[in-house]
Amino acid sequence: MADLHDLVRAHEAWRLGEAINLQPSENVMSEPARALLASDLAHRYTLPDAFNPSGGLGNAYRGTRYTDAVEALGEDVARRVFSSAEASLKPLSGHLAGFLLLQAACRRGDRVMLVHAKHGGYDGYMPGYLPEYLGLEVDFLPFDEASWNVDPRAAADAILGRHPRLVLLGASFLLFPYNLRWLRGACDDVGAVLGYDASHVLGLIAGGQFQRPMVEGVDLLSASTHKSFPGPQGGIFLANRTDLFERAMRGILWRVEDNAHWNRIASTAQVLLEMDAFGAAYAKQVVANSKALARDLDKGGFPVKFAGLGYTESHQIHYDPERLQASFGLTPPAFADRLESQGLIVDAVGRIGTNEVTRMGATVDHMKSVAGLIVRAARGEDVRGEVREVRAGLKLAYVFPS
Ligand SMILES: Cc1ncc(COP(=O)(O)O)c(C=O)c1O
C-alpha cells in the first residue's frame with residue numbers, strides 16, 4: 001500500500017511546485033490561512049445559546065470563549081468586505097449555502113426562477129436536485145446567448161408573469177455581471193426575493209470588481225469560499241434581510257448541518273482580512289489577466305468566445321468546443337488531458353480561469369507566456385520545462401508580510 005504522507009507530499013510537489021493551475025473553481029491559500037486549518041479549532045464544538053432553540057444553557061459546550069470570538073470576528077469582516085447587513089460563515093460548502101438560501105426564501109410548492117445549466121447555471125439547482133428536496137417548482141430565466149447573460153427585459157416580463165417566490169442569479173459559467181437593479185425592480189413588483197449565488201465570483205466581489213450584489217439590491221447571497229475567493233473549501237451566507245437571515249440560521253441547525261467547522265471559519269476569516277487589505281488589487285489583476293490571456297489565446301488561434309464583448313469581466317474565459325475540434329482536433333477532455341501532461345491544469349468543461357495564477361502573483365506579462373504555452377501544448381509540443389520555469393517565477397501575493 002502506498003504511504004499516505006508520500007501521496008500528499010507528491011501531490012503538493014506537483015500541484016504547488018510544478019503545475020500551473022488554470023481551473024476557475026480552485027485557488028490557493030496563504031500560509032497563515034493554511035496554519036489555521038490545522039489549529040486546535042479543528043477538534044472543537046460550540047453551540048451558543050443564541051443559536052440553540054432549546055436555550056437556557058449558555059453554551060451547550062464549554063471551552064468555547066475563543067471559538068465564539070473567532071466566529072464573531074470573521075462575520076464582522078465579512079459584513080464589512082461585502083457591505084452586507086448579515087453574514088454567516090457556518091455553511092460547510094457553497095452547495096449547502098445555496099440550500100440554505102433556497103430554504104430561507106421559499107416554502108414547499110413555491111416557484112424559483114434561475115439560470116438553466118445549459119446557460120452555465122449550477123447543476124445543483126436543476127429541478128431533480130436541491131429543488132426536488134425542498135418541493136420547489138423551477139422556471140428558467142430568459143437568457144441571451146449572444147451576450148452570455150440573463151436578458152433583463154425578458155426576465156422582468158417573465159418574473160411579472162410567473163410570480164416566483166425567489167429569483168436566483170449566479171452560475172458556474174459566469175463571464176459578465178447581471179443587471180441587478182432591473183431585476184430588483186421586477187422582484188419588488190411581485191414581492192419576490194432576489195438571491196445571488198456568488199460561488200464563482202466571490203473573490204472579485206470582495207475586491208469591488210464584477211459587481212457588488214449586496215449594494216445593487218440583492219436580499220440573500222450564498223457562495224463557496226475557494227474559487228475566485230482564495231480561501232479554504234467552504235461556504236458563506238450573506239443577507240440584507242434580517243428576517244430571512246434568521247430563518248436561514250434556524251434552518252442550519254439540525255436541518256442542513258449540525259456543528260460548523262471552526263478551523264475552516266478561522267481560516268476563512270484570515271482570508272477575509274487579506275481581501276479587506278489586498279482584495280481590490282487582487283480582483284483588478286484577476287480581471288486584467290483574464291482579458292489579457294483571452295486576447296493572447298485568440299491571437300494564437302485558440303477559439304476563445306466573446307471577443308466582441310471584451311471576452312470576459314470575470315476570472316473565467318470560455319472557449320468554443322467545436323472550433324477547438326476543428327483547429328486542434330481535440331475535445332475539451334482531450335485538451336485538458338494534453339495540457340495536464342505538460343503541467344497546465346484546466347478543467348474538462350470548456351473554461352480557463354486566472355484566479356489561482358493571479359493569487360500566485362501572475363501579471364499580464366505572465367499571461368502572454370501562459371497563452372503561448374497553452375497553444376503550443378494543445379498542438380502537441382513538449383513545453384514541460386517552460387511551464388516549470390514560469391511556475392518557478394511565481395510567488396503567492398496579496399498576503400500580509402510574514
Ligand atoms: C454556481 C455554483 N454554486 C454552488 C456550487 C457548489 O459549491 P461547493 O463545491 O462549494 O459546494 C458550485 C460548484 O461548482 C457552483 O459553481
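**Figure 1. The domain assignment divides the protein chain into domain 1 (31–272) and domain 2 (279–392).** The model shown is predicted. Between the C-alpha centres of domain 1 and domain 2 the distance is 29 Å. Where the domains meet, 19 residues of domain 1 are in contact with 18 residues of domain 2. On the side of domain 1 that touches domain 2, helix H8 (residues 202–206) gives the most, with three residues. By class, this side of domain 1 consists of 12 nonpolar, six polar and one charged residues.

**Figure 2. The protein chain as a whole contains 15 helices and 13 strands.** The C-alpha trace spans about 65 × 55 × 40 Å along its principal axes. For 402 residues, a compact globule would have a radius of gyration near 21 Å, and the 21 Å of the protein chain agrees with this. Of the 402 residues, 47% count as buried. When contacts between residues at least 6 apart in sequence are considered, 76% of them join residues at least 24 apart.

**Figure 3. The ligand is surrounded by 15 residues.** The closest are Ser 93, Gly 94, His 95, Ser 172 and Ser 224. Sorted by class, the shell around the ligand has 12 polar, two nonpolar and one charged residues. Which helix supplies the largest share of this shell? Helix H4 (residues 94–105) does, with three residues.

**Figure 4. Helix H4 is mostly covered, with 12 of its 12 residues buried.** Among the buried residues of H4 are Gly 94 and His 95, together with Phe 99, Leu 100, Leu 101, Leu 102 and Gln 103. Gly 94 and His 95 also belong to the closest residues around the ligand. From its first C-alpha to its last, H4 reaches 17 Å, close to the 16 Å expected for its 12 residues at 1.5 Å a residue.

**Figure 5. Val 286 is a residue of helix H10 (residues 262–299).** Is Val 286 buried or exposed? Val 286 counts as buried because it has 29 C-beta neighbours inside 10 Å, and the cut-off for a buried residue is 20 or more. Leaving aside residues up to four places away in sequence, Val 286 touches Leu 204, Ser 228, His 315, Thr 354, Asn 355 and Thr 358. Val 286 and Ala 362 are 76 residues apart in sequence, while their C-alpha atoms are 8.9 Å apart in space.

**Figure 6. Ser 83 has a positive phi of about 50° although it is not a glycine.** Most residues other than glycine have a negative phi. Ser 83 is placed in the loop between helix H3 (65–82) and strand S2 (86–88). Ser 83 counts as partly exposed because 15 C-beta neighbours lie inside 10 Å.

**Figure 7. His 163, a residue other than glycine, has a positive phi near 50°.** Where is His 163 placed? The site of His 163 is the loop between helix H6 (152–162) and strand S7 (166–169). With 13 C-beta neighbours inside 10 Å, His 163 counts as partly exposed.

Note on methods
Residues numbered from 1 in each chain as written. Predicted model: local features only at pLDDT ≥ 70, side-chain atom pairs only at ≥ 80, totals over all residues. Near = placed C-beta within 6 Å. Helix = DSSP H or I, 4+ residues; strand = E, 2+ residues; numbered from the N terminus. Nonpolar A, V, L, I, M, F, W, Y, C, P; charged D, E, K, R; others polar. Domains from an automatic or database assignment. Contact = placed C-beta atoms within 7 Å. Rg over C-alpha atoms; globule rule 2.2 N^0.38 Å. Expected span 1.5 Å × (residues − 1).
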